[in-house]
Amino acid sequence: MLPARPPRPVSALLALVALLVAAPSPGDPLPARATHVADYDMRVRLDPETKTLDGEQRIVWRNPSPEPVGELWFHLYLNAFKSSKSTFFTESGGQLRGDRMPEDGWGWVDVRSIRRADGVDLAPGATFEHPDDDNADDRTVWRVPLPEAVPPGGEVALDVTFQAKLPRVFARTGYFRDYFLVGQWFPKLGVYEPPGRRGRAAGGWNCHQFHANSEFYADFGHYRVQITLPKRFVVGATGKRSGRRENADGTSTHVFEQADVIDFAWTASPRFVEVKSTFSAEKDVTPQEYAETAKLLGRSLDEVRLSDVEVTVLLQPDRAVQADRHVKAAKAAIKWFGLWYGRYPYPTLTVVDPAFGAGGSGGMEYPTFITAGSSRLLNRWPLDRVLLPEEVTVHEFGHQYWQSMVATNEFEESWLDEGFNTHSTGKVMTRVYGPWTVQLFGLRIGEGELSRAGNSVDRMFDAIRTPAWGYSPGNYGFNSYQRTDLTLQTLESLLGTEAMARVMRTYHERWRFRHPTSEDFYAVVAEVAGKDARWFFDQAVERPGILDDEVASVRSERVLEPRGVFGEGESKTTITAKEARKKESEADKAGGRPWRSTVVVRRRGEVRLPTSLELQFEGGKSQTVSLQELDFMGGKTETMPLLDGRTDGRPWLGRWKRIEMTGERRLVSATVDPGNRLAIDVNRLNNSRRVEPDGRAAAHWGVRWVFWLQQLLAVVGL
Ligand SMILES: [Zn+2]
């Protein structure tokens, strides 16, 4: 163990200023600061000709556990791009999100030296590890034994030098000509999880390999990074710029600094157009919006008050006309994520619009630094009504909340990250831009349709909570993004809008700057909504399966007069069909026989949630009955009991149910889940059925429309 690095006066002052700025008002449940486990002070030089980085790091790691820790585990993630034998390459097949790896565009990172700050060489004994897949050719996880263990609460300081070659960008990070998006670029510690963290029995490093679909899990710390490169480059990065100096060799050094973050990324291009704007907590939020949020969340106005943020958008010149769209989207996201989940605590946000040819670096999230997704085509009618740039900017900003601040393990529980973010993004987009994210030649698509598009019976093979590399082929994205959104929509319909808003707020607040797991979210739901919903999560998140309730048949007929032989022995009497018909016709003349109606509801999927059945009778009368209860056949109208319903909150457990009733009116149709509350239902077309004339589905126009849209979107692969 080594003593702490002596604090520089400047950084101590900055820390004090940051503390004052971030100081919450009294009683504010938002944590003001993260516990810094891993601090990085780095110097890096970019050679734009050879696309190489030369870096030096001083890393200070503090042992967060009650036991000594004798080794350090690192991510060396640029090695994902080193060869066709890396785990990333074999999983992705050398393509990601439609972008193919350019031929021979390899990238790598080498640690040149690693020493304890007292000079002890740590390189001997270091080994590459492959905890996820036994791929001995993967070089993305590196284990470094320490000569002496770091005691509980103690710290170790390391000096590291490294060299990296950036890949030609097709997936997230790298270069294209003189555009650089530099992410996952430095040797970075994994997360040491003490016993009890995320349900662990024993402490240990959680340090996964770089995968096709996951790459984030890290501890909080203070970052100070000095980036040196030719002075013609415009540079953007995580955090606040704290200096720029010109060097004698024609280079500039840009200094960026940020506390309470889990990562650091940066970008450079000589062609960036820089647009600056300020999100104002006073001017960009109306008093009504503050009041409305405080009421929704049951909080004081002080608790929902936001703070100002300096927004920098770095654009390509040919898309500079889209600057306003990005600025508006970024401000909308700062505002609504901030109002609903808790104020954005950092002073800056940088939005990078990737260069043409470098689209693979778009749509990415790093602390206070996100990359957009756009195209020159979207400048003009009719595609300017396709709000894709807005959606991507809002989504990537959302990761500040569901990854960077609530720092979940994206490898093991991607739903807590991508899925929570998809859900929140949809809410912000709808709130700010109205119901339609896409409007094109009369076609209108909203956030709900985008999530439902891939929801089908074919998606029954995975639990939502699955390691990112463990889904059945092709099903990571749907489960981690859209299906989680549909699941949270369904949960919201069961809990109610206000309770759900409070659940999400409390979950974010409680776990900001920490590492929750799914069980921590379930616990917040139980606490805030006052309802243990574990049975819901068991079905909808922890196990594979789908929800598909259908009305299988409906009948409604006049009650028949009895016919046949009645009585015993000598006293037998017979009622003939003719006699019975006569009685029936007399009864009809006198006002009509009652109707006997029968509905059969079937649950085709494994997921069974409480729902209701709407019965439409002749004359416009309707009745809604709960499908939780077995004895609803009395004529009274019942509304759906929610999670705390009259049957111990447990859903109806059968696979099918026959509902029979006798009444004065003829049944016309039956609809299960009439309000479309169970968003995860894979097929809404079979939710409704008419009695006459042929019992065909009574799907109204809206349901059909959603169905055809699903087919269309599935075809175009949106
Ligand atoms: Zn995302």
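The model is predicted, so local features require pLDDT of at least 70 and side-chain atom pairs count only at pLDDT 80 or more, while totals for chains, interfaces and linings use all residues. Residues are numbered from 1 along each chain as its sequence is written, and side-chain values use heavy atoms, with hydrogens and water left out.

The protein chain comprises 15 helices and 35 strands. These elements are DSSP runs numbered from the N terminus, with helices being H or I runs of at least four residues and strands being E runs of at least two. Of the 718 residues, 56% are buried. Buried means under 20% relative accessible area, exposed means over 50%, and partly exposed lies in between, for a 1.4 Å probe and protein chains only. Contacts (heavy atoms within 4.5 Å) were also sorted by sequence separation. Among those between residues at least 6 apart, 74% join residues at least 24 apart.

The zinc ion is coordinated by His395 (NE2), His399 (NE2) and Glu418 (OE), at 2.0 to 2.1 Å. Donors are N, O and S atoms within 2.8 Å of the metal (3.2 Å for Na, K and Ca); water is not among the atoms, so sites may look incomplete. Along the chain, the donors of the zinc ion follow the spacing H-x3-H-x18-E. His395 and His399 are both buried. His395 is also one of the buried residues of helix H6. Helix H6 spans residues 388-398 and is mostly covered, with 10 of its 11 residues buried. Among them are Glu390, Glu391, Val394, Glu396 and Phe397.

Helix packing was examined next. Two packed helices are described by the angle between their axes and the distance between the axes. Helix H3 (residues 287-297) packs against helix H11 (residues 497-511) at an angle of about 95°, with the axes 8 Å apart. H3 is therefore roughly perpendicular to H11. That class covers 65 to 115 degrees; angles under 35 degrees count as roughly parallel, over 145 as roughly antiparallel and the rest as oblique. Axes are lines fitted to C-alpha atoms, for helices over the stretch in contact, and angles run from 0 to 180 degrees between N-to-C directions. Lys295, Leu296 and Leu297 in H3 meet Glu498, Ala501, Arg502 and Arg505 in H11. By class, this contact has 3 nonpolar, no polar and 4 charged residues. Ala, Val, Leu, Ile, Met, Phe, Trp, Tyr, Cys and Pro count as nonpolar, Asp, Glu, Lys and Arg as charged, and the others, Gly among them, as polar.

Helix H13 (residues 534-542) has Trp535, Phe536, Phe537, Gln539, Ala540 and Val541 buried. Their cover includes helix H10 (476-495) and helix H12 (518-529). Thr487 is found in helix H10. Thr487 is buried, at a relative accessible area of 2%. Residues up to four places away in sequence aside, Thr487 touches Ile464, Phe536, Ala540, Val541 and Ile680.

The structure holds 47 aromatic pairs. In one, the rings of Tyr223 and Phe264 have centres 6.3 Å apart and planes at 20°, so the pair is stacked. Rings of Phe, Tyr and Trp (its six-membered ring) pair if their centres lie within 6.5 Å; planes under 30 degrees apart count as stacked, over 60 as edge-to-face and the rest as tilted. Tyr223 sits in strand E15 (residues 221-230), and Phe264 in the loop between strand E18 (251-261) and strand E19 (266-269), 41 residues apart. Tyr223 and Phe264 are both buried.

His211 lies in the loop between strand E14 (204-206) and E15. His211 is buried, with a relative accessible area of 1%. Its C-alpha is 6.4 Å from that of Thr87, 124 residues apart in sequence. Beyond neighbours within four places in sequence, His211 is in contact with Thr87, Phe88, Glu91, Asp132, Arg172, Phe411 and Trp469.

Phe441 is in the loop between strand E25 (438-440) and strand E26 (443-445). Phe441 is exposed, at 68% relative accessible area. Asp673 is in the loop between strand E34 (667-672) and strand E35 (688-690). Asp673 is buried, at 3%.
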